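Welcome, and take a moment to look over the model before reading on.

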Amino acid sequence: MQLPREVIVGTNVLGKIGEVCRGLGFHNKIIVVTGPNVYKIISNSISEPLINENFDIDYVIIEESTKDFVELVEEKIHKVKPEVILGAGGGKDIDVAKQGAANCNTPFISIPTAASHDGIASSHASIKGFKQPFSKKNQAPIAIIADLDLIIKSPYRLIASGCGDVIAKYTAIKDWELAKKIKGEYYGDYAANLALMSAKLVTESANEIRAKKEDAYRTVVEALISCGVAMSIAGSSRPCSGSEHLFAHALDSIINNNALHGEKCAIGTILCSYLQKGSWKMVRRVLRIIGTPVKAEELDLDGDAIVKALLMAPKIRPDRYTILNSEKLNKRKAEEITKITKVVD
Ligand code: ZN
């Protein structure tokens, strides 16, 4: 079980980076992996506390979460030989930092500037260019420093997407229970309940999240971190990723558009919750309050793409048994579900 040793969530906490790194036993070289925009906004706030603690800092600026940028991070690690890698930014910056660090057996610290998915705290990273279209297990962050000031200032769409990724745990857990029942798969009560509790807390905070209250943002960030911890406890992404994630990954391989991970998972959760005979109406209502997309057209997708993704989803990862395996769908049934759940008009 790999768990973070330090988790700091609060306002103005970036200034603590130097102390945190020192407290974890580092005292020399650090590489910060970040995107060009985040670099402009926060490089001073990151560099200053580290320089005050006498760290040597190198930056790697990445543009996409692809294999090429992971290799760029690896090259820099081989050259500089840092003690720790800091991944600062949204999902892609953190994923590339995490994967590059894991490939070189170097510890990694997560500094999310947005709360758009649970990769900010998990041991999994989504990188384009590898054979498997779903996230890859590597290493959990040794520390997480989540500055709410930055997260509150990030575009609302990102936090709404993060909520979609948390709400997805309702269907993920039901799929895990099903896999235990039908396939005798290992099921961890503690990990399952931690993921489920995160979904419930975000559900209860829906109105406050929409009102952009600081406490509600903290709830979402803590929920995403708890989901990451749930995966670490389970030793797999099972508590956080079921049929709704397979649907989202299938969409990724069908169409390359700007829809965010949590947004695709949100639509998947509505559809798969209906199939599970779950509370899909509640899921849809909560997502609408928060402002996460509930319709295909909101993601610039048409009905055909949704139906195709539903039919393709169980083939994305055959080892992951879900409701899509037990409810064998055909085109007609899939079309019917998209209409009943109002994902497609
Ligand atoms: Zn996810």
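Let us begin with a single side chain: histidine 245 is buried, with a relative accessible area of 5%. Please keep in mind that you are looking at a predicted model.

**The zinc ion**

The zinc ion has three kinds of entry in its list of protein donors, namely Asp165 through OD, His245 through NE2 and His261 through NE2, at 2.1 to 2.2 Å from the ion. Along the chain, these donors follow the spacing D-x79-H-x15-H. Histidine 245 belongs to helix 11 (residues 243–254) and histidine 261 to helix 12 (residues 261–275), so the two histidines tie together parts that lie 16 residues apart in sequence. Is histidine 261 buried or partly exposed? With 24% relative accessibility, histidine 261 counts as partly exposed.

**Helix 12**

Helix 12 is mostly covered, with 13 of its 15 residues buried. Just after this helix, lysine 277 takes a positive phi of about 60 degrees.

**The cysteines**

How many disulfides does a search of the whole structure find? It finds 0. A disulfide is a covalent bond between the sulfur atoms of two cysteines. For the pairs below, the sulfur atoms would have to lie within 2.5 Å of each other to count.

| Cysteine | Closest cysteine sulfur | Sulfur distance |
|---|---|---|
| Cysteine 240 | Cysteine 227 | 4.4 Å |
| Cysteine 265 | Cysteine 272 | 9.9 Å |

The distance from cysteine 240 to cysteine 227 is too far for a bond, and the distance from cysteine 265 to cysteine 272 is too far as well. Cysteine 240 is buried, with a relative accessible area of 1%, and cysteine 265 is buried at 0%.

**Helix 3**

Now turn to helix 3 (residues 67–80), which has 14 residues and reaches 20 Å from its first C-alpha to its last, close to the 20 Å expected. Its buried residues are Phe69, Val70, Val73, Glu74, Ile77 and Val80. They cover an arc of only 150 degrees around the axis, which puts them on the same side of helix 3. What do these buried residues pack against? Their partners are strand 2 (29–34), strand 3 (56–61), strand 4 (84–89) and helix 4 (91–103). The face turned away from the buried side carries the exposed residues Asp68, Glu75, His78 and Lys79. Just after helix 3, lysine 81 takes a positive phi of about 55 degrees.

**Strand 8**

The last stop is strand 8 (residues 143–147), where 5 of the 5 residues are buried, so the strand is largely enclosed by the rest of the structure. In a regular strand the side chains alternate between the two faces of the sheet. In strand 8, Ala143, Ile145 and Asp147 point one way, while Ile144 and Ala146 point the other way.

Strand 8 also has neighbours to find. Strand 1 (residues 6–10) pairs with strand 8 in the parallel sense over 5 bridges, and isoleucine 8 stands opposite isoleucine 145. Strand 5 (residues 108–112) pairs with strand 8 in the parallel sense too, over 2 bridges, and here serine 110 stands opposite isoleucine 144.

Note on methods:
Residues are numbered from 1 along each chain as its sequence is written. This is a predicted model: local features need pLDDT of at least 70, side-chain atom pairs count only at pLDDT 80 or more; totals for chains, interfaces and linings use all residues. Side-chain values use heavy atoms; hydrogens and water are left out. Donors are N, O and S atoms within 2.8 Å of the metal (3.2 Å for Na, K and Ca); water is not among the atoms, so sites may look incomplete. Helices (H or I, at least four residues) and strands (E, at least two) are DSSP runs, numbered from the N terminus. Buried means under 20% relative accessible area, exposed over 50%, partly exposed in between (1.4 Å probe, protein chains only). The expected span of a helix is 1.5 Å times one less than its number of residues. The arc is that of the directions from the helix axis to the C-beta atoms. Contact means heavy atoms within 4.5 Å. Two strands pair if DSSP finds at least two bridges between them.
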